[in-house]
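I opened this notebook to record what I looked up in one protein model. The entries follow the order in which I consulted the structure.

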Amino acid sequence: MELTIFILRLAIYILAFPIYLLNFLGLWSRICKKCFPYFLARFTVMYNEQMASKKRELFGNLQEFAGPSGKLSLLEVGCGTGANFRFYPPGCRVTCIDPNPNFEKFLIKSIAENRHLQFERFVIAAGENMHQVADGSVDVVVCTLVLCSVKNQEQILREVCRVLRPKKMSSDNQWSAEEDEGQLSRLIRKSRGSPFVPVGIAGFVSVVSYGLYKLKYRRDQKVSIHLIHMRVAAQGFVVGAATLGVLYSMYKDHIRPRFFSESKK
């Protein structure tokens with residue numbers, strides 16, 4: 001077993017060696033900045049096809065945040081190739097920020113395809129330091145698929161709060177703690193959407209608890225062997241539950257909608 005793990009690690013090190021070498025020479029970052037926009041341009045087409053309905057839902061009320069002039073000023077952090085442009089409301093003034101200057105030509109192409117927008121400027125900067133954008137100068141900040149890759153999430157959120165224009169909420173729209181979803185309600189809602197997650201957790205805890213309970217009745221069996229059997233059983237239960245969860249998600253998201261849509265026709 002140890003020999004197998006050593007061979008797998010060695011294979012990974014060999015495969016990753018060119019990346020380490022390029023990074024050591026300071027070339028890896030330049031290559032990524034050059035090639036990533038081309039990859040993202042292709043990925044955006046497939047991603048928007050899958051997420052179009054969700055994006056329309058998320059961006060459907062953006063116009064409600066427009067300023068007194070009626071013009072919506074929007075700042076997109078980590079704009080990439082402009083994947084969200086076609087979902088923004090007409091007349092929206094868009095300012096884009098991204099640390100990679102190679103996205104600019106893709107943004108120009110996206111703006112040409114979305115004439116309903118008014119493109120303001122493209123700022124080359126990281127989201128953690130948006131000093132080129134004035135305080136309280138935008139109505140909305142959009143940030144998608146970005147916070148998972150930034151260096152400092154707290155700093156970028158502070159910058160977002162800084163550039164946003166203060167809004168006065170009417171008494172009808174004020175938030176109240178009673179309307180907020182509780183932790184238990186959120187857990188129940190997520191469990192309904194992915195029922196095999198709590199099943200896998202419960203099964204794992206049950207197998208481990210039973211294995212620890214049977215530890216004193218193992219007779220002549222070694223403790224290490226007993227623990228290995230317990231670990232394999234617990235991991236097997238979790239893997240089985242995860243597999244069933246993936247199959248259930250595929251059925252719910254792809255197979256069932258097609259079946260019902262064809263039956264309606």
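**Entry 1: surface and burial.** I began with the accessible surface of the protein chain, which comes to about 19300 Å², with 62% of it belonging to carbon and sulfur atoms. Such areas come from the Shrake-Rupley method with a 1.4 Å probe, and for residues only the protein chains shown count as cover. I then noted that 25% of the 265 residues count as buried, that is, under 20% relative accessible area (1.4 Å probe, protein chains only).

**Entry 2: basis of the model.** I recorded that this is a predicted model, in which local features need pLDDT of at least 70 and side-chain atom pairs count only at pLDDT 80 or more, while totals for chains, interfaces and linings use all residues. Residues are numbered from 1 along each chain as its sequence is written, and side-chain values use heavy atoms, with hydrogens and water left out.

**Entry 3: elements.** I found seven helices and four strands in the protein chain; these are DSSP runs numbered from the N terminus (helices: H or I, at least four residues; strands: E, at least two). Their order along the sequence is α-α-β-β-α-β-β-α-α-α-α.

**Entry 4: strand E2.** I looked up E2 (residues 93–98) and found five of its six residues buried. E2 pairs in the parallel sense with E1 (residues 73–77) over five bridges, and with E3 (residues 118–124) over six bridges; pairing requires at least two DSSP bridges between two strands. Leu75 stands opposite Thr95 in E2, and Ile97 has Val123 in E3 as its bridge partner.

**Entry 5: cores.** I turned to the largest nonpolar core, of 19 residues, where Val94 and Phe85 are among those that touch the most other members. A nonpolar core is a set of buried Ala, Val, Leu, Ile, Met, Phe, Trp, Tyr and Cys residues joined through side-chain atoms within 4.5 Å. Apart from this core lies another, of 12 residues, including Ile97 and Val163. In soluble globular proteins, nonpolar side chains tend to be buried together.

**Entry 6: confidence.** Over residues 175–179, pLDDT stays under 50. Where pLDDT is low, the predicted coordinates should not be read in detail.

Methods:
Buried means under 20% relative accessible area, exposed over 50%, partly exposed in between (1.4 Å probe, protein chains only). pLDDT is the predictor's confidence in each residue, from 0 to 100. Contact means heavy atoms within 4.5 Å.
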